[in-house]
Amino acid sequence: MNGVLALEQILNGLQFGVMLFLITAGLTLTFGIMNLVNLAHGILYMLGAYFCASLTVATGSFVGAVILASAATVLVGIVIELLTLKRLYARNHLDQVLATFGVVLFFNELVRIIWGPASIYSSVPPALSGQVELIPGLLYPAYRLVIIGVGLVAAAALVLLINFSKLGMLIRAGASNRIMVSAIGVNIDLLNTLVFGLGAAFAALAGAIAGPILTVESGMGNDMLILALVVIVIGGIGSIKGAFIASLLVGLIDTFGRTMLRPLFELFMTKAAANSAGPAVASMLIYLAMALVLFFRPQGLFPPRTR
Amino acid sequence: MRKLSYILCALGIAVLFCVPAVTEVADMSYYLDFTTRVVIFAMAAVSLDLILGYGGMVSFGHAAFLGVGGYAVGILSYYGITDGFIHFGVAILASALVALFIGMLSVRTIGVYFIMITLAFSQMLYYLAISVNTYGGDDGLSVRGASVFAGVVDLADRDQLYYASLAILLGMLLICYRLIGSRFGMVLRGIKSDERRMIAIGYSPFRYKLLAFVISGVMCGIAGALLANQTLFISPAIMHWSRSGEIMVMAILGGISTLFGSVIGAGLYLGLEETLSRFTPHWQVLLGPLLVVVVLFARNGVLSLIVPRRAKTRHG
C-alpha cells in the first residue's frame, strides 16, 4: 500500500466516521441524559434521506432540500418523542427496547407504503460532482470532501453548544443529575424534547447528505443504528467527545479492515482462503473492537466525568 | 389463581396435541406448519426468558444461537450426513461452545452493556455467515436432508417434526421449571434481584450466570436445528439483530419470568404476523404501534391480563 492509497483510505474512513458521528451525537445524548435505549434513532436518519431525496426533486435545490428535510425530520422526531418515548424514560431498558423496536417496525413499513419498496437513487448535485486533486496522483470526489467538512463543522458547533451555551449547560446538568435540575426550576420535559429534537436534526442531516452516495431504502437506518450503538459503547455513554473519537476510530478501522486485511492475509494464506477470510474478518472487526473495549474498559474509552 | 394457571397450561398442551389431527381432517396442513413454527420459536423465547426473566440478563443476540443450531444441521447435511443424533449432537455442542465463549466475555457486564455485547457477538456471527461463500454466504444454504433418527423418526415428515418439536418444548419447559425451583435457580434469582448481596453471602455470580447462559444458548440452538429441519433452508437472515428483537418481543409479550408466557407470546406474535399480513402486506405498520401500546399499557405482558400475577416482581 503506497502513500496515496493510504491517504485515500484515511479520507474514506474519515468520511464514514463523521457520518457516524452525526448519527451518534443525538443517540449518545438521549442515552446519557434520559437513560433511554432508543432503537428508533436510526429511522430519523432514514427519514432525513427520504425527505431530502423527494425535496431535491420538488424544489430543485439540494442545499434547500437538506435544510428542509432536517426540519421536517425534527418535527417527526418530536412527535415520536411526545407520543411514545416520553413515557419510556422512567421504564427499564427492556421496555424501552421493545417499544422503540415497535416504532422502528412502524416507520420502516410506513416508508415502504409512501415511497414504495424499491430503493431510491439520487445523484450528487452537479456543482459537487467533480473530483479534486488533493496531492499529485490523488483524485478525490468533491462531494465526499464536503461531507467531511459538514460533519466536522457540525461536530464543532455541537461541542460549542454543549460546552459554552446556557442550553448546553442545562444539558450537561441534566446528564449528571436530572432530578436536581428539575428541582431548581428547569422544565426537564422541555429540555428532553429539545435534546431529542437536536439529535433528530443531526441524524436527519447525516441521512440527507448520505442520500446521494448510498441507496435510500427502507431499513437503511437499522444497520446504521447498530453501528451507532457500537460507537457509543466504545466512546462511553453520554460523552460527545467519546462519540466523536469513537466514530472516527470505527470509520477508520472499518475502512482499513476492508481494504487491507485481504492483502495482509495473503501473506500467510492461499489466495482463495484470504479472499473469503479477509472480508469475513473485516466486517467483524468493529464488533471485535467493541467486545475488547467492553471487556477491558466497560465504561468506554471516554466516559463522561460527571455521575 | 395458581390453580387457574395450571388448568390453562393443561388445556393449552391438550390443544397443541390435537393440532395435527385437526388440520388433517380440516385439510389445512398449512396451519400445521404454522403451529410447528410457533412451537419452535416458543423454545427460543423460553430459552431467552430463562436468562432474562430469572437471571436479569437481557440478551439482544439470542438469534445467533438459532443460527448456530441451524447451520450445524445445514452444514452437516451439505456433506451428506443426515443422522439426527449427529445433527442434534453437533448443534448442541456447537451452541454450548459458542454460548460458553460469548458468556465468558459478557456475563460480567451488566445492564445496557450486556445488551450491547451480546448484540455485538451476534452481529459478528451474522457477518461470518454472510461471508463464508462455501455455505451459501448471503444467499443461504439449502438443507439437503432432514434429520433421521436411527431410521425411525424422520423429521422430514411433518407430523413427526411437529410432535418431536412439541415434546422437546415440553421437556424444556419442565427442565426450566425444575431448574428455577432448584438451588441453582434460587441463586440465579438472588443474583438478579441483588448481585452484591449474593457476593456478600459467598456466591460467585459469574459461574451461575455463565451456566444459565450456556443452558439457554443450547436450548435456543436446538430450536435452530429444528427450524432448519422445518424450512430446509438456512440463511444469515436468521441471525439478523431484528430476529433477536422478535424473540425478545415474544418473551416479553407473554410476560417475562413466566416461562409458559413465552409460549403464548410466540403464538401471539406469529399469529399477529399471520393475520395482519393477510389484511395487508404492510402488516408491520400495524404491529409496530401494537407493540408500543402493549409496553405502555400491559406492563407484565398479555398473560397478566388473564392470570393476575401473584406478587409484583421487580424487573432488571
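This is a predicted model: local features need pLDDT of at least 70, side-chain atom pairs count only at pLDDT 80 or more; totals for chains, interfaces and linings use all residues.
Guide: Local features need pLDDT of at least 70 and side-chain atom pairs count only at pLDDT 80 or more, while totals for chains, interfaces and linings use all residues. Residues are numbered from 1 along each chain as its sequence is written, chains are lettered from A in the order in which they are written, and side-chain values use heavy atoms, with hydrogens and water left out.

Visitor: What area is buried between chain A and chain B?

Guide: Buried area is the accessible area (1.4 Å probe) that two parts lose on being put together, summed over both. Carbon and sulfur atoms give 79% of it here. The value is about 4,000 Å².

Visitor: How many salt bridges does the rule find across the interface of chain A and chain B?

Guide: The rule asks for a side-chain nitrogen of Lys or Arg within 4 Å of a carboxyl oxygen of Asp or Glu. Across this interface the number found is zero.

Visitor: Which element gives the largest share of the side of chain A that touches chain B?

Guide: Helices here are DSSP runs (H or I, at least four residues), numbered from the N terminus. Those giving two or more residues to this side are α4 (93-115), α9 (220-235) and α11 (271-296) of chain A. The largest share, 15 residues, comes from α4(A).

Visitor: Which residues does B:Phe213 contact, leaving aside its neighbours within four places in sequence?

Guide: Contact means heavy atoms within 4.5 Å. By that rule, the partners of B:Phe213 include B:Ile51, B:Met57, B:Phe65, B:Ile102, B:Val107 and B:Phe114.
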